[in-house]
Amino acid sequence: MQPPAGSQVSRVPAQRTPSEQLPPAPPAPAPQPRRRRLRTVLTVVGGVLALLCLGAVATGYVLYNRAAAPDRSAPDVVVDNYLRAFLVDRNDARADQYTCEGGTELRALRELRLEVEQRESTFDVTVRISWGPLTRSPSSDGESVATTLTIAGSSDGVPRSSRREDWTFNVVEDDDGWRVCTGAKAG
């Protein structure tokens, strides 16, 4: 139906709601799924743990090498370490790390250890060998180290006998430190 002629129709603009007045907003980004965030966190934590483990392995390797490497830094140190390995611990493999390659003249010391082992088994005693201060002096090939060995026997903890012997060791320096080449009773 039409309004009668001559009547005035007021046209009121239709009211718009606020959402109709603004241009449409872009769609909101979809929130990250929890699984994706959890995967990222686990990846970062796993990477950090892997780096820590690698660092620990490297540190352990370096510390082990320092502890296991024989100390051949000085003539008296190498003689002390050699005597400990050969006469006290009776570990030939360890003692060989302190001796010269081939041609070593340590027969007198081998005979001393053999004598000690025979006395222990024959007389059922314990023989302990110790030494005093190690005195260094220059020699033609390197250095000479002198000391006094004390050989003491005991049975059931009771001292039985003791003797002292003066020994001299010739020590030579090579690429990886000092090494014992000869050892003999002095005099």
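Before anything else, one term: a helix axis here is a line fitted to C-alpha atoms, over the stretch in contact, and angles between axes run from 0 to 180 degrees between N-to-C directions. Thanks for coming, everyone. Please keep in mind that what we are looking at is a predicted model.

Let's start with a pair of helices. Two packed helices are described by the angle between their axes and the distance between the axes. In our model, take helix α3, residues 75–88, and helix α5, residues 107–123: their axes come within 10 Å and cross at roughly 40°. Angles under 35 degrees would count as roughly parallel and 65 to 115 as roughly perpendicular, so α3 and α5 are oblique to each other.

Which residues meet there? From α3 we have Tyr82, Leu83, Phe86 and Leu87, and from α5 come Leu109, Arg110 and Arg113.

Now over to the strands. Have a look at threonine 150, which sits in strand β3, residues 143–155. Is threonine 150 buried or exposed? Its relative accessible area is 19%, and the limit for buried is under 20%, so threonine 150 counts as buried. Beyond its neighbours within four places in sequence, threonine 150 is in contact with Arg128, Ile129 and Ser130, and also with Ser162, Arg163 and Arg164.

My next stop is arginine 179, in strand β5, residues 177–185. Arginine 179 is buried too, with 8% relative accessibility. What does its side chain have 3.1 Å from one of its polar atoms? That is the backbone oxygen of glutamine 97. Setting aside residues up to four places away in sequence, arginine 179 touches a whole list of residues, including Arg72, Val78, Asp96, Gln97, Tyr98 and Asp174.

Finally, two aspartates in loops. Aspartate 124 is in the loop between α5 and β1, and aspartate 156 is in the loop between β3 and β4. Phi is positive at aspartate 124, near 50°, in a residue other than glycine. At aspartate 156, phi is again positive, near 55°. Aspartate 124 is exposed, with a relative accessible area of 62%, and aspartate 156 is exposed as well, at 76%.

That's my tour, so over to you for questions!

Methods
Residues are numbered from 1 along each chain as its sequence is written. This is a predicted model: local features need pLDDT of at least 70, side-chain atom pairs count only at pLDDT 80 or more; totals for chains, interfaces and linings use all residues. Side-chain values use heavy atoms; hydrogens and water are left out. Helices (H or I, at least four residues) and strands (E, at least two) are DSSP runs, numbered from the N terminus. Angles under 35 degrees count as roughly parallel, over 145 as roughly antiparallel, 65 to 115 as roughly perpendicular and the rest as oblique. Contact means heavy atoms within 4.5 Å. Buried means under 20% relative accessible area, exposed over 50%, partly exposed in between (1.4 Å probe, protein chains only). A polar contact is a pair of N or O atoms within 3.5 Å; within protein, one must be able to donate a hydrogen and the other to accept it, and residues adjacent in sequence count only if both atoms are side-chain atoms.
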